[in-house]
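Some notes on the model follow, as numbered points. Please read them with the structure open.

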Amino acid sequence: MKVQLELFTANICSRCVQAKNTMTALMEELGDDQFELIFVDVVENIDHAVETGVLLTPALAVNGKLKFSPLPCKDRILHALKKELGK
Amino acid sequence: MTGPGLRTDYKIGEVSSLLGISADTLRYYEKIGLLPPVQRSPSGIRYYLPGDISRLRFIQRAKTMIFSLDEIAHLLKMREDPQHARLDVRQLTQAKLAEIEQHLQDLTTLKNELTLLVNLCHSAEEGCPILDDIQSGLAK
């Protein structure tokens with residue numbers, strides 16, 4: 001079963017474009033057979049964002065649980081995702 | 001009154017200003033028994049003691065939860081003597097506690113939603129999603 005990643009962003013959030021690029025690059029690096037990356041716009045999906053615990057953007061949830069908010073550097077995300085695969 | 005800065009009794013106008021409850025309402029609460037008979041001077045002036053103020057604050061809080069005056073009267077009985085409160089009063093208190101817990105959850109969700117929107121506003125170079133959200137809500 002794929003690990004589901006949700007990247008919570010907003011059009012107006014200045015750091016979100018960079019976050020999208022980072023996550024897209026990470027998926028290319030890790031391969032999409034193990035991860036499913038979904039982009040969630042928090043303004044359009046505010047109920048879901050709040051239920052997940054998102055108070056800042058960009059934020060990343062792994063299998064429905066908030067992992068990073070805001071997003072750290074690429075290496076730290078990579079480390080966390082590799083750890084997730086080992087579970 | 002005793003001691004500098006330490007009030008032990010308040011006139012009705014002072015209580016009204018302090019708590020934002022009209023003098024008529026204060027007299028009404030006393031009339032229907034939400035407040036026990038308030039201490040009076042020989043000339044009939046009401047003096048509210050700290051216990052009365054505490055009780056009035058409790059009534060105000062309960063009213064913000066839209067509890068009825070009848071329900072509040074029962075809750076006050078529980079507040080006065082929890083050990084000897086009747087079963088129905090205890091059950092009502094339990095039910096009201098559950099209502100408050102639900103209300104707190106709703107408030108927490110609302111607080112988180114507003115926090116997210118305010119944080120988005122701070123990071124926005126132009127426009128404000130709070131307004132967009134309110135406008136889209138109004139349009140529905």
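1. In this predicted model, Asn63(A) has a positive phi near 50° in the hairpin of β3(A) and β4(A), where two residues lie between the strands. Strand β4 covers residues 65–68 of chain A and pairs with β3(A) in the antiparallel sense over three bridges. Lys65(A) in β4(A) is the bridge partner of Val62(A). Strands (E, at least two residues) and helices (H or I, at least four) are DSSP runs, numbered from the N terminus; two strands pair if DSSP finds at least two bridges between them.

2. β3(A) also pairs with strand β1 (residues 3–9) of chain A, in the antiparallel sense over four bridges. There Val62(A) is the bridge partner of Leu5(A).

3. In a regular strand, side chains alternate between the two faces of the sheet. In β3 (residues 59–62) of chain A, Ala59(A) and Ala61(A) point one way, Leu60(A) and Val62(A) the other, and all are buried (under 20% relative accessible area, 1.4 Å probe, protein chains only).

4. On conventions: residues are numbered from 1 along each chain as its sequence is written, and chains are lettered from A and ligands numbered from 1 in the order written. Local features need pLDDT of at least 70 and side-chain atom pairs count only at pLDDT 80 or more, while totals for chains, interfaces and linings use all residues; side-chain values use heavy atoms, leaving out hydrogens and water.

Methods:
Buried < 20%, exposed > 50% of the residue type's maximum accessible area, 1.4 Å probe, protein only.
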